[in-house]
Amino acid sequence: MQKNDKKNIILTGFMGTGKTTVGRLLAKQLGREFIDTDELIQARHGRSIPEIFLELGETPFRKMEADIVQELAEREELVISTGGRLMLDPANVVALSRNGRVFCLVATPEEILARLRDDKDHRRPLLEVPNPGERIVELLQLRQKGYQRFPQVMTNEKQPTDVTRDLVDLIHSDPKRFAIDHPAEPYDFVVGGGLLPFIRQLAGVDGQLVIITDSQVGELYAASCGAVDHVITIPTGRQHKTLETVQTIYDQLLQIGFDRTGTIVSLGGSVMGDIAGFVAATYMRGVDFVQCPTSLLDMVDTSVGGKTALDLPQGKNLIGFFKQPTAVIADVATLQTLPAEELASGMAEVIKHGLIADTDLLRKVENGNWRWERGTIPPPLSELQSLVAQAIQIKIVIVQEDPYEHGRRSILNLGHTFAHAIEQVSKYSIRHGEAVAMGLVAAANLSARLDHCSLAVQERIELALSKVGLPTRIPKHLSPESLLKAMSRDKKRLAGQLRFVLLRDVGQAFVTDAVPDPAILATLQEVSQ
Ligand SMILES: NC(=O)c1ccc[n+]([C@@H]2O[C@H](COP(=O)([O-])OP(=O)(O)OC[C@H]3O[C@@H](n4cnc5c(N)ncnc54)[C@H](O)[C@@H]3O)[C@@H](O)[C@H]2O)c1
Ligand SMILES: [Zn+2]
């Protein structure tokens, strides 16, 4: 897709990450013109950047940057290195993303400090403070959110030629595409790094394209999405999964004259997918729907299967449709900004998929480093891409076998009979993925109790969950009796079909409804803390 792309390549990142050196090498390799915004400003105004700051101040400098951005946004086939703060301004992001792909070069604070000290050619006011190392950490933290919205390329311990090679790989690497064969209409699941600028092309959308997103995700990514006609933003949070929210979206769609030929794109986590999917299923009796999941949980689980649901005052997820998307586009670069606890929550579903059908996936979780706290650098995008691809493939295979959830698909509910009860009794104060983690431990415990597998399976699951930062015990205040009661209520609702998914071993799950209450109670007691 991208080899003949004329879009500009834009490099951003903190000072000392090598934007100019790498940009120059990259331009040479791609046979493109190179532009460094700082150098251009200095040449045009006949003064160095520190002089401009000193004589004119910061505001005129930012204006010079913004003018150059407008100019460059009209051109193509450039490699552009930007000043350290240029791409932190949303207006500049909007302008340059329209016709460009942005990459962020990153390095650890220690490496940045060492490089700035080695660079004797430039005056660095940053080094002239009492503790430059601390100042770099502070500034990086302040700017982290702005930088992380773009695909990141690690530069530590690499020569500029290595970084250039990584970038070329990323620019040319094709995303992975899986065809999902659904009886209503087949669609594609695409996973890759830096896909948001290409939603229209990847999903094959011609008509009007409206993005529905939440305030948190929209602030980070709406500007990076290419060729969008309109963005509707709703407040973030599960409490907004209501008919009232849907009504406000209908109002805005009508106001802009959105009709049946248009496409709705959901940009956000599973909550956003539920809301936007509901709107797409109902607006003018249904319009095309593209899912752009930005949470791990949504990428590896919820975005495939076509379920949408809203809450009513009487209860959660009480109304909804099966609405199949025309495409799912999972841009793993967005995972870089996902809060640590949301990331862990998604890992619960990855582990679940490993337990259902793929021991190699479980080993990948066990052997990798899948935890990133604030301030640390996430794994390379290629690793994230392969984790998501492997996890979602399991769901795709199972959903294809049973598109309307009549049989085999219930195997995907491993740990969920417990998890739903835990969520309910905790009044939804426990995150879905955390409840699933506890549920997986309980499912393994119950399997061992009924002699389907050994206790070693439970131990292995607990280790994997702890490694990614997930809980393995049900909090004590959720009493086993109240959890069992919640399960029986569910059973009534499901017309007597309360089913458990149990394990014979890792990678071998099966469904049963023959589980006696005393065994469930004993398991709940044992996995409580
Ligand atoms: N697996 C299931 O059984 C299932 C099915 C349908 C719905 N759900 C529901 O989905 C919800 C959980 O979904 P989820 O984990 O996708 O979370 P979510 O949609 O609730 O998103 C979590 C938070 O992360 C933010 N966020 C998302 N992507 C981000 C990014 N890239 N960068 C920064 N912030 C980002 C969102 O704004 C939100 O505040 C639960 O309410 C659960 O009940 C679960
Ligand atoms: Zn789940």
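Mentor: Let us begin with a term: a residue is called buried under 20% relative accessible area, exposed over 50% and partly exposed in between, with a 1.4 Å probe and protein chains only. Please keep in mind that this is a predicted model, in which local features need pLDDT of at least 70 and side-chain atom pairs count only at pLDDT 80 or more, while totals for chains, interfaces and linings use all residues. Residues are numbered from 1 along each chain as its sequence is written, and side-chain values use heavy atoms, with hydrogens and water left out.

Trainee: Okay, which residues of α17 are buried?

Mentor: They are His416, Thr417, Phe418, Ala419, Ala421, Ile422 and Glu423, so that seven of the 10 residues in this helix, which runs over 416-425, are buried and the helix is mostly covered. Helices here are DSSP runs of H or I with at least four residues, strands are runs of E with at least two, and both are numbered from the N terminus.

Trainee: And what follows α17?

Mentor: Lysine 427 follows α17, and its phi is positive, near 55°.

Trainee: Switching topic, how many helices and strands does the protein chain have?

Mentor: The chain has 21 helices and 16 strands. Its radius of gyration is 25 Å, close to the 24 Å that the globule rule gives for 529 residues, so the chain is as compact as a globular protein of that length. That radius is taken over C-alpha atoms, and the rule is 2.2 Å times the number of residues to the power 0.38.

Trainee: How much of the chain is buried, then?

Mentor: Buried residues make up 55% of the 529 residues.

Trainee: Which residues have the most contacts inside the largest nonpolar core?

Mentor: That core has 99 residues, and those with the most contacts inside it are Phe189, Leu296, Leu335, Val350, Ile351, Leu355 and Phe500. Apart from it lies another core of 32 residues, among them Ile49, Phe61, Val93 and Leu113. A nonpolar core is a set of buried Ala, Val, Leu, Ile, Met, Phe, Trp, Tyr and Cys residues joined through side-chain atoms within 4.5 Å.

Trainee: What about threonine 472, is it buried or exposed?

Mentor: Threonine 472 counts as buried because its relative accessibility is 15%, and it lies in the loop between α19 (455-467) and α20 (480-493). Leaving out residues up to four places away in sequence, threonine 472 touches Val441, Glu462, Leu465, Ser466 and Val527, where contact means heavy atoms within 4.5 Å.

Methods:
Chains are lettered from A and ligands numbered from 1 in the order in which they are written.
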